[in-house]
Amino acid sequence: MTPSITDSAVKAAIAAVASESASAEEKIQMLIEIAQGFQKKPKAAQDLRNAVGLYYRAYEMCGEEYPLLKARAKVGMAGTLQAIPDADYQLLLQAKAGYEEALPILQQLASPEEVAETQMNFGLVLQSLVPFNLARITDSIQAYHEALRVFSWEDHPQEYAILYNNIAIAYLSMPLASEREYLRQGLAVQSFEVALKHINLIDHPREYAMLQNNLGNALQYLVSSHPVENNLRAIAAYDEALKVRNSKDTPLEYANTISNKANALFNLPDDSEKPEAGNPQNLLQARVYYQQALDIFTQNQQIQQAEIVTQALQDIEVEIANSK
């Protein structure tokens, strides 16, 4: 930890460790709990670094005497390293090593849920390392499937939905030869559809909307001899997501979904029975969605998304002009 840290919670943690009234085990648990507080509600990146420092102190104090607490401190450290904004591959590699050290101990001493949550986060860090060629996507998918042995839709619907969402996205990022492109995309669509058999609008609206939005994206870019049918299915999925997402309560999620829907409309004929007639009506509707999404992204300072939608608006103006 850096000597410049003055946060009162960090000082309190250090003071607790110095206190003679607490046992070694209690001191370690205090450090882990305060670190978790920094990790779960960070106000700045420094809070995450504070958490890493506290977890590390707890880890060092464990020695060989408290293996479960030692594993939990290592998992906490790994999760915090993952959460640091724009974490580079070195921090991600440290997180990966932390999970690999902790998992065998957790499998012996912790609850199935704690092991499954660690498997889930381990899968995420592996997935993050794939673009750097430092992990295999198949290992990430395997970690998610391990977690699914515990996180069933009946008992853990939120984790179940997130895991299937992550599996689908992992399939979409798989490097396959172009002639097998349809395979990974089909597996992704199938993963979303498996989750949606159990995650419904009434009981799990947020997870339902996430899965429907991402299913729409997978369908829209599916390599297929039926692009019109896939775009229609994608729009139906976006409409399901929009039963939950709205501009007031979830503006950024709403803007993402309507811009995705606009992308599908851009490529969809007005009349699927007469594709040669073009899509002037769908282009006009797509323009409305893009403009609405741009306003929301701009208001919320989402610069990258705003730039993408601005480009899409320019492209659609050209298409509208050509369709007249």
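Trainee: Which residues of the largest nonpolar core touch the most other members?

Mentor: A nonpolar core is a set of buried Ala, Val, Leu, Ile, Met, Phe, Trp, Tyr and Cys residues joined through side-chain atoms within 4.5 Å. Buried means under 20% relative accessible area, exposed over 50%, and partly exposed in between, with a 1.4 Å probe and protein chains only. Here the largest nonpolar core has 95 residues, of which L211 and Y290 touch the most other members. Please note that this is a predicted model, in which local features need pLDDT of at least 70 and side-chain atom pairs count only at pLDDT 80 or more, while totals for chains, interfaces and linings use all residues. Residues are numbered from 1 along each chain as its sequence is written, and side-chain values use heavy atoms, with hydrogens and water left out.

Trainee: With which residues is Y290 in contact, leaving aside its neighbours within four places in sequence?

Mentor: Contact means heavy atoms within 4.5 Å. With those neighbours within four places set aside, Y290 is in contact with S259, A262, N263, V309, A312, L313 and I316. Y290 also belongs to the lining of the second largest pocket, together with residues including N256, F297, Q305 and D315.

Trainee: How is a pocket defined, and what volume does the second largest pocket have?

Mentor: On a 1 Å grid over the protein atoms alone, a pocket is an open set of points where a 1.4 Å probe fits, with protein on both sides within 12 Å along at least five of seven lines; lining residues have an atom within 4 Å of a point. Grid points are joined across faces, edges and corners, and a volume is the space filled by probe spheres set on the points. The second largest pocket has a volume of about 210 Å³.

Trainee: Which helix gives the largest share of the lining of the second largest pocket?

Mentor: Helices are DSSP runs (H or I, at least four residues), numbered from the N terminus. Helix 14 (303-323) contributes the largest share of that lining, 6 residues. Helix 12 (251-266) and helix 13 (280-299) each supply at least two residues as well.

Trainee: What is the volume of the largest pocket, and which residues are closest to its centre?

Mentor: The largest pocket holds about 560 Å³ of space. It is lined by 20 residues, and Q36, Q39, V75, G76 and E117 are the closest to its centre. Helix 4 gives the most to this lining, with 7 residues. By class, the lining has 8 nonpolar, 8 polar and 4 charged residues. In this scheme Ala, Val, Leu, Ile, Met, Phe, Trp, Tyr, Cys and Pro count as nonpolar, Asp, Glu, Lys and Arg as charged, and the others, Gly among them, as polar.

Trainee: K74 lies in helix 4. Is K74 buried or exposed?

Mentor: K74 counts as buried because its relative accessibility is 16%. Beyond its neighbours within four places in sequence, K74 is in contact with Y59, G98, E101 and A102.

Trainee: Where do N133 and Q301 lie?

Mentor: N133 is in the loop between helix 6 and helix 7 (137-148) and is exposed, with a relative accessible area of 71%. Q301 is in the loop between helix 13 and helix 14 and is exposed at 66%.
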